[in-house]
Amino acid sequence: MSPVVHYRGRFAPSPTGPLHAGSLVAALASWLDARAHGGTWLVRIEDVDTPRTVPGTDHLILRQLAACGLRPDEPPVWQSQRSALYQFALDVLARKGLAYPCACSRKDIELALHHAGREKPRHGELVYPGTCRSGLHGKTGRAWRLRTDTYKPNQAPARAEYAQAAPEFIAKVAHPVEWTDRRLGAQQQDVETQVGDFVLQRADGCYAYQLAVVVDDGAQDITHVVRGEDLADNTARQILLQQALGLPTPVYLHTPLVLGPNGEKLSKQNGAQALDLADPLAALNQAAQVLGLPAQAGSVAGALAVWTWQWPHLALGTSPDLGPHCLQCRPH
């Protein structure tokens with residue numbers, strides 16, 4: 001793989017629990033992609049959702065990564081220390097008329113959709129109906145949302161201060177947001193009809209994941225994002241925010257998911273076990289096999305070197321056929 005002139009990738013774990021088998025797949029893939037491109041690999045601790053953060057887990061995750069030979073090229077950053085950046089971006093969006101306060105609770109949204117004859121699909125999004133777009137009408141704002149009904153930049157995004165870089169938005173776009181994933185291929189989503197105006201700052205004061213990740217990717221000059229396929233659905237929302245803030249859109253690669261015995265995505269929420277790093281190479285071999293890389297013997301450093309050489313030859317970057325892997329079904 002020829003080195004990219006300017007490649008900056010990142011792994012961004014949430015410290016709601018230690019790394020598990022699924023998160024190591026994403027970490028390994030993002031590290032290998034950066035190394036194969038001759039680029040820079042960063043670690044960002046995404047602890048913006050402070051109520052869910054488990055104290056001490058951030059440093060545990062960094063130790064887990066180090067045990068697997070995955071060390072960032074620059075000091076890690078913590079989202080909880082970057083609130084001023086998120087507030088600045090939110091202020092810019094509000095001045096542009098692209099963000100507005102919302103007084104609706106989840107129950108309010110459900111009732112509004114019910115009265116409109118629109119029920120939430122099973123496992124689907126609770127699509128916000130735009131109730132507060134025209135104002136609060138005497139109610140108190142609880143959260144801030146991005147308008148998704150009036151987006152389309154009339155100029156290419158430029159890297160600059162948000163207030164100067166944010167393009168003017170013009171008439172409503174009648175087509176969905178489109179992008180190409182290196183593994184999944186062509187993707188699209190009509191954010192207004194499938195998601196609605198999404199939250200930028202929650203009622204509890206926490207900045208939403210969508211805002212924080214876009215601001216941080218822009219501030220850290222991230223050019224390539226390699227992450228789990230479960231986050232692919234967030235991409236269209238993040239592209240809208242990137243356009244609104246005048247930030248470039250990274251190149252995306254969403255990796256296969258690791259499934260538990262029940263067929264559900266392995267996650268901290270469904271009780272995924274922390275990595276057993278008594279043998280880091282064994283854990284890395286499991287993750288590598290999910291990515292289509294052969295197991296290696298010897299040392300962690302040696303295995304990482306071999307996989308870095310093999311990474312460009314994988315179909316992972318171009319094939320839409322590489323599906324999820326079950327912990328019980330992977331070859332040993």
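Let me begin with Ala99, whose bridge partner in strand S5 is Leu146. The model is a predicted one, in which local features need pLDDT of at least 70 and side-chain atom pairs count only at pLDDT 80 or more, whereas totals for chains, interfaces and linings use all residues. Residues are numbered from 1 along each chain as its sequence is written, and side-chain values use heavy atoms, with hydrogens and water left out.

S5 covers residues 143-146 and is joined to S4 by four bridges, the two strands running antiparallel. Helices (H or I, at least four residues) and strands (E, at least two) are DSSP runs, numbered from the N terminus. Two strands are said to pair if DSSP finds at least two bridges between them. In general, strands of a sheet pair through backbone hydrogen bonds, either parallel or antiparallel.

The open sheet consists of three strands in the order S4-S5-S8, with antiparallel pairing. Its edges are S4 (99-102) and S8 (199-201), each of which pairs on one side only. On average, neighbouring strands of this sheet are turned by 40° against each other, direction ignored. Helix H3, residues 83-95, lies across S4, S5 and S8 and runs at about 125° to S8. Axes here are lines fitted to C-alpha atoms, for helices over the stretch in contact, and angles run from 0 to 180 degrees between N-to-C directions.

I turn now to the helix pairs. How do H7 and H8 pack? Helix H7 (residues 209-219) meets helix H8 (residues 235-244) at an angle of about 55°, with the axes 9 Å apart. H7 is therefore oblique to H8; angles under 35 degrees count as roughly parallel, over 145 as roughly antiparallel, 65 to 115 as roughly perpendicular and the rest as oblique. Contact means heavy atoms within 4.5 Å, and among the residues that meet are Tyr209 and Leu211 in H7 and Arg237 and Leu241 in H8.

For helices H9 (residues 280-290) and H10 (residues 300-310), the packing angle is about 20° and the axes are 10 Å apart. These two helices are therefore roughly parallel to each other. From H9, Pro280, Leu281, Leu284, Asn285 and Ala288 meet Val300, Ala303 and Trp307 in H10.

Finally, is Ala36 buried or exposed? Ala36, in helix H1 (residues 21-36), has 11% relative accessibility and so counts as buried, meaning under 20% relative accessible area, with exposed over 50% and partly exposed in between (1.4 Å probe, protein chains only). Its C-alpha atom is separated by 7.0 Å from that of Trp309, 273 residues apart along the chain.
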